[in-house]
Amino acid sequence: MTLRLLLCTVLFCVPFVYASLPTFNDSYILTLDSSDSPSCNTRTLWDILSSCGLTLFACTWIAVHPDIPRIDKGIVAITFHRLLLMVIAFLAPELVTAWAAWQLLCARQATKDFVDAGFGAQHAKPHCDRRVWWRKLVDVLLSFILNSSRSSGDGWTLTHGFFAWMGGFVLCVDGEPRATLTPDELVRFVGEGTVDKPVITEAEIKDRSKGDALSKCVAILQLVWFVIQLIARYAQNLPVTLLEIDTLGVTIMACISYGLWWYKPKDIECPYVVRWNAHVPPPPPGSLTNEKGRSPTCTYFSHFPT
């Protein structure tokens with residue numbers, strides 16, 4: 001189904017390629033006549049479509065890091081949600097980048113809350129409460145780029161924060177899954193003693209992830225190579241189609257999103273089960289956030305004075 005959608009997307013872009021090629025000098029569709037002797041500056045329609053198609057697929061399917069599906073979602077809903085993310089990443093890549101930045105801030109705040117609750121030591125850069133929120137946002141991005149997510153011992157890292165925020169912990173009551181816990185609910189239940197602190201290391205989370213550093217680097221290289229090709233053609237005063245210009249914009253936003261999601265696990269299907277203590281009465285029905293069908297709300301900016 002994904003390949004069919006990709007094929008339809010590429011075929012949809014064919015008229016734009018035809019419309020843009022005649023607008024440049026020395027740009028035409030190469031025929032299949034063997035008597036022709038094309039120059040090195042001539043590209044076929046297939047060359048343009050294949051290059052842009054593979055790059056768009058890397059930007060819209062491989063680069064996007066979806067959350068863990070909720071326990072009440074079936075395979076049809078999961079597939080539809082993934083295809084919806086693919087379409088959004090193709091039509092409005094800036095929304096995906098904003099979503100990635102928002103999740104990074106939420107994961108940082110969740111990691112800080114876990115460490116403050118005694119989940120483990122974390123080497124983090126202290127924050128100054130007198131700074132305005134946008135300066136703190138810059139500090140978060142700089143510390144994310146300059147510092148790794150590794151910590152000593154069993155400390156909870158930024159990967160744990162992403163894992164918790166993407167729906168990695170599911171509450172199980174009397175042997176039945178109840179709801180996906182938000183980071184705030186997990187910290188509160190552990191503090192109250194109603195659930196045990198999850199024992200999961202960063203290596204175990206990465207083992208569940210479908211993407212490692214090598215696969216991410218290969219995907220980024222594919223995107224960077226496309227950008228280098230366009231820069232080289234612009235430097236040599238060679239024509240560039242409208243489809244390639246649009247793909248360039250999507251590629252740049254995808255690279256930014258990939259960097260923001262660098263420590264986020266990818267394509268995890270099975271969450272970590274948190275069991276409710278049997279000697280404690282279970283939470284009343286409808287008291288959990290995701291049990292009501294609401295999405296978790298990030299409280300990151302509530303900690304910042306205006």
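Q: Which helix gives the most to the nonpolar patch?
A: Helix α3, residues 75-91, with 3 residues. Keep in mind that this is a predicted model.

Q: Which residues form that patch, and how much accessible area do they have together?
A: F80, L84, I88 and L95. Together they have about 380 Å² of accessible area on the surface.

Q: Take L84. Where is it placed, and is it buried or partly exposed?
A: L84 sits in helix α3. L84 is partly exposed, at a relative accessible area of 39%.

Q: Switching to rings. How many aromatic pairs does the structure hold?
A: There are 9 aromatic pairs. One of them is W99 with W261: the ring centres are 5.2 Å apart and the planes stand at 85 degrees, so this pair is edge-to-face.

Q: Where do W99 and W261 lie?
A: W99 is in helix α4, residues 93-116. W261 is in the loop between α10 (242-260) and β3 (272-275). The two are 162 residues apart in sequence, so the pair ties together separate parts of the chain.

Q: And the cover on each: buried or partly exposed?
A: W261 counts as buried because its relative accessibility is 0%. W99 is partly exposed, with a relative accessible area of 21%. The cut-off for buried is under 20%.

Q: What about F189 and W276, how are their rings set?
A: Edge-to-face, because the planes are at 85 degrees, with the centres 5.2 Å apart. F189 is in helix α7 (residues 183-192) and W276 in the segment after β3. That pair links distant parts of the chain, 87 residues apart. Both F189 and W276 are buried.

Q: Which residues form the aromatic cluster?
A: F114, F119, W156, F163, F169 and Y272 form one cluster. Y272 also belongs to the covered face of β3.

Q: Stay on β3. Which residues are on the covered face and which on the uncovered one?
A: Y272 and V274 are on the covered face. V273 and R275 are on the uncovered one.

Q: In what sense do β1 and β3 pair?
A: Parallel, over 4 bridges. β1 covers residues 169-173. C172 stands opposite R275 of β3.

Q: Charges now. What sits over the ring of W61?
A: The charged end of R82, 4.1 Å from the ring centre.

Q: And what lies over the face of W99?
A: K264, at 5.2 Å from the ring centre. K264 also forms a salt bridge with D67, where the closest N and O atoms are 2.8 Å apart.

Q: Which parts of the chain does the D67 and K264 bridge link?
A: D67 is in the loop between α2 (45-62) and α3, while K264 is in the loop between α10 and β3. They are 197 residues apart.

Q: Buried or partly exposed, for those two?
A: K264 is buried, with a relative accessible area of 1%. D67 counts as partly exposed, at 28% relative accessibility.

Q: How many salt bridges does a search of the whole structure find?
A: It finds 5. Among them is E202 with K206, at 3.3 Å from N to O.

Q: How are E202 and K206 spaced in their helix?
A: Both are in helix α8, residues 202-208. They are 4 residues apart, so about one helical turn separates them. E202 counts as buried, at 13% relative accessibility. K206 is partly exposed, with a relative accessible area of 48%.

Q: Last one. Which residues do salt bridges with shared partners join into a network?
A: R82, K266 and D267. Within it, K266 bridges to D267, with the closest N and O atoms 2.8 Å apart. Both K266 and D267 are buried. R82 is also the residue whose charged end sits over the ring of W61.

Terms used:
Residues numbered from 1 in each chain as written. Predicted model: local features only at pLDDT ≥ 70, side-chain atom pairs only at ≥ 80, totals over all residues. Heavy atoms only, no water. Patch = residues over 30% accessible without salt bridge, like charges linked within 9 Å, V, L, I, M, F, W, Y side chains within 5 Å. Areas by Shrake-Rupley, 256 points an atom, 1.4 Å probe, with all protein chains shown as cover. Salt bridge = Lys/Arg side-chain N within 4 Å of Asp/Glu carboxyl O. Buried < 20%, exposed > 50% of the residue type's maximum accessible area, 1.4 Å probe, protein only. Phe/Tyr/Trp six-rings, centres within 6.5 Å; stacked < 30°, edge-to-face > 60°. Lys NZ or Arg CZ within 6 Å of the ring centre and 35° of its normal. Pairing = 2+ DSSP bridges.
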